[in-house]
Amino acid sequence: MKSINKKITSDVSQKLFYLVVLILFLRIDLVFQNNTPTGGDMGAHIVAIDTFIRDFMPNFQINGWSNDWFAGYPLYYFYFPLPAIITFFLDLIFPFGVAFKIMIVMSSIIVVYSIEKLLRKDSTNFSTFGATAGLFYILTESFTIYGGNLASTLAGQFSFAYSLGFANLSIFYLIKSNNKLRFPISSIFLSLCLLSHLIPFIIYIPIYGFYWLLKKEKINQKILSITIFLAIVVRWTTSLFMNLEFTTNMSYTPFSRIEDLIKEDILPIIFIALGLIISNFKNLIKYKSLNLLEIYLVISSILLYFFVPEGALWNGRLIPFFNLGIIIILFKSIEIFVEDLKLYQQGINVLIPIFFLGTIYCLYIFYDKWSSNQSYLNIYIPIIFLIIIFAIFNLRNFVMQINILLVSIIFSTVSFLPHWLNWNFTGYEGKNEWTEIQNLYSKLENLDAGRIMWEPNSDMNKYGTPMALMTIPYFTKHTSMEGLYFDSSITTPFHFISVSGLAKRPSNPVGGLSYINNQFDQGVNYLNDLGIDYFISYTEEIEAKAMNSENLIYLFSSQPFSVFKVNSSKVELVNQDIEIFLKVNKQDGILSSIFRDTNINNFFEKAYDSFNELDKKRVIEASNEINIEPSKSKDLKITNLKIENDKISFFTNSPGELHLIKVSYFPNWTIANGKGPFRTSPSFMSVIPNQEYVEINFDKTSVEKNSFYFAIFSLLLSVIIFIRSKQNDKKT
């Protein structure tokens with residue numbers, strides 16, 4: 001009994017040690033400061049999640065329409081809702097900024113926790129090597145955007161981190177858990193994986209399916225796992241899959257070099273792991289230490305990296321899975337090696353003080369690296385103190401001494417993550433130049449609400465992120481033409497073409513487009529085409545060009561910004577020549593989006609080719625049976641125009657004529673009394689109203705409604721199967 005209690009106490013103390021060290025490193029002191037987090041994409045994610053909390057969840061929606069960015073876009077149709085849902089529940093307790101930061105920190109904790117679970121020898125015993133491997137994985141710094149590690153999370157890839165963590169947990173419950181409900185629990189984690197990010201789900205589903213078929217279990221438990229999975233994911237995945245043709249092809253350039261897959265911090269790990277595997281091969285086989293999962297992750301990552309067809313999956317996204325497989329193999333090999341060393345007690349007695357001294361030395365390096373910054377030391381000195389105290393209390397524990405040394409080495413090699421954590425979690429309000437943005441926003445509030453295009457510039461990072469002005473919808477009543485979820489709006493390419501002519505140093509993030517760099521007048525022409533109300537310049541060069549433009553009206557300056565009025569309209573008659581684009585069937589549209597098949601007719605290509613001649617021609621997507629003609633009237637009068645997230649309404653003096661509405665097209669929009677909406681170049685809607693009052697609503701499609709009913713049916717079926725399983729268990 002004493003040995004059991006001692007084991008439980010040891011496990012608890014080890015769990016607390018890793019948890020406290022991790023949350024301290026993640027700057028828990030800054031997490032609970034009430035500010036607005038920033039940094040990379042994270043500084044823009046706040047807009048979408050705030051919209052979700054404010055507009056969607058009160059109406060029990062997981063997705064809908066938002067006018068915040070890109071002339072309107074479907075929010076959480078193509079991006080992943082679970083982090084927003086988590087933030088919503090945290091927001092019930094904490095201020096929004098604090099809730100958001102807690103959600104970020106939780107994603108990295110879940111990744112570490114899931115890796116620790118995967119390295120357990122059984123379902124109950126805590127794995128110190130697993131926890132150390134988790135720390136090693138998230139603190140790698142060789143990539144900053146692909147996902148999984150802390151650097152990527154701080155850059156805005158927290159959805160990926162959640163998805164990876166839940167994917168690992170779904171595998172753990174399949175292959176190691178002794179819980180009677182391990183299959184249903186596993187399916188819950190798999191569904192959470194899918195609702196967090198698509199890529200980890202795609203990578204893990206083959207190996208999950210293999211284990212699911214391989215493992216013996218009662219048939220009712222396997223059926224229950226299916227029904228639970230469908231109940232959770234079917235509503236969102238149906239919306240995603242059925243609307244894939246309305247996403248933007250970002251045209252990522254695939255990597256081709258082996259050094260782009262194998263990063264510099266992983267290359268030595270591969271050699272160490274190979275050496276340990278060769279020297280301990282018999283024991284690895286004897287103890288069945290390696291599982292198929294880590295081997296699958298490494299091999300599948302390599303094969304997909306070099307041979308996956310160019311399409312929606314960018315092969316750079318495979319690097320996190322390759323790293324994870326290698327790190328798991330490494331730490332399992334180290335664990336077997338350590339088990340062998342434990343046989344030599346005299347050697348252990350010599351190694352323990354060496355390891356302890358190595359820990360002290362690495363912690364000194366860690367201290368010395370950050371000693372010049374007192375705010376860092378305030379949190380890192382407790383980390384150092386905690387590690388030393390824990391090492392002293394476990395001085396006779398050879399395994400813990402090795403892990404503590406490895407943890408110390410990991411911290412000593414960290415180079416920029418402390419800076420990123422400090423930058424992101426001190427928030428926009430903690431930046432010295434944030435008052436410039438505040439002054440701009442306060443003056444914008446004096447203008448009528450409108451759609452704003454602004455000059456992008458990497459120098460804006462001084463405000464928290466180069467994407468700082470994407471927060472216009474968060475801090476003001478206006479909307480920003482530029483937003484974050486590039487793939488989600490079919491207006492995205494046309495915005496970036498337009499703004500490339502209006503910026504000194506445009507970002508041009510969408511590949512394969514013909515940008516108009518330095519063609520300012522052409523960019524100004526596009527402002528009217530896109531229904532822009534205001535333009536904000538940032539550099540002196542663009543400000544001077546805007547001042548000299550006959551089509552821009554200077555309003556005010558708020559250094560270093562200048563704001564100009566654009567005389568554009570949101571609704572106008574279509575008097576141009578019309579080219580009808582026959583709708584492709586749903587299957588071809590979906591396949592074209594997935595595989596980027598250029599042999600399938602694509603509306604975007606037609607609209608893109610005619611973007612520079614919108615004053616002469618409009619491309620309209622319609623079926624054969626609908627007759628669409630240009631408007632014969634030119635005297636249009638629109639009154640009481642309201643553009644909301646779920647409704648567009650106005651009065652027109654030209655019923656029966658073809659009206660262009662400069663809001664992004666999406667099939668959920670329906671007109672109450674008229675024909676349309678039709679997708680119209682560049683990416684907007686056109687309608688033919690039957691009366692003066694025009695109302696267009698964003699409604700759930702029949703497919704979405706049916707998928708919701710199917711989810712309810714799956715949930716009820718799950719409850720029935722669960723109850724009957726319990727009854728059968730009692731009988732037996």
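Is Pro-353 buried, partly exposed or exposed? I looked it up: Pro-353 is partly exposed, because its relative accessible area is 39% (buried means under 20%, exposed over 50%, partly exposed in between, with a 1.4 Å probe and protein chains only).

Ground rules first. I am working on a predicted model, where local features need pLDDT of at least 70 and side-chain atom pairs count only at pLDDT 80 or more, while totals for chains, interfaces and linings use all residues. Residues are numbered from 1 along each chain as its sequence is written, and side-chain values use heavy atoms, without hydrogens and water.

**Pro-353.** I found Pro-353 in helix H17, residues 345-370 (helices are DSSP runs of H or I with at least four residues, strands are runs of E with at least two, and both are numbered from the N terminus). I also checked Pro-353 against Lys-565. They are 212 residues apart in sequence and 72 Å apart in space, C-alpha to C-alpha.

**Ser-107.** This residue lies in helix H5, residues 96-118. Ser-107 counts as buried because its relative accessibility is 0%. I left aside neighbours within four places in sequence; Ser-107 then contacts Thr-153, Phe-158, Ala-161 and Tyr-162 (contact means heavy atoms within 4.5 Å).

**Helix H23.** I went through residues 492-500. In H23, 9 of 9 residues are buried. Among them are Phe-494, His-495, Phe-496 and Ile-497. The buried residues of H23 pack against strand E3 (451-454), helix H24 (520-529) and helix H27 (603-609).

**H18 and H20.** Two packed helices are described by the angle between their axes and the distance between the axes. H18 (residues 374-393) and H20 (residues 417-425) pack at about 110 degrees, with axes 11 Å apart. The pair is therefore roughly perpendicular (under 35 degrees is roughly parallel, over 145 roughly antiparallel, 65 to 115 roughly perpendicular, the rest oblique). Ser-375, Tyr-376 and Tyr-380 of H18 make the contact with Pro-418, His-419 and Asn-422 of H20.

**Nonpolar patch.** I noted a nonpolar surface patch of about 910 Å², with Phe-210, Leu-214, Ile-258 and Leu-292 among its residues. Patch residues have over 30% relative accessible area and no salt bridge; like charges are joined within 9 Å, nonpolar side chains (Val, Leu, Ile, Met, Phe, Trp, Tyr) within 5 Å. A salt bridge is a side-chain nitrogen of Lys or Arg within 4 Å of a carboxyl oxygen of Asp or Glu. H10 (198-214) and H15 (292-307) each supply at least two patch residues. H15 gives the largest share, 7 residues. Leu-214 sits in H10. Leu-214 counts as exposed, because its relative accessibility is 52%.

Technical notes
Areas by Shrake-Rupley, 256 points an atom, 1.4 Å probe, with all protein chains shown as cover. Axes fitted to C-alpha atoms, helices over the stretch in contact; angles between N-to-C directions.
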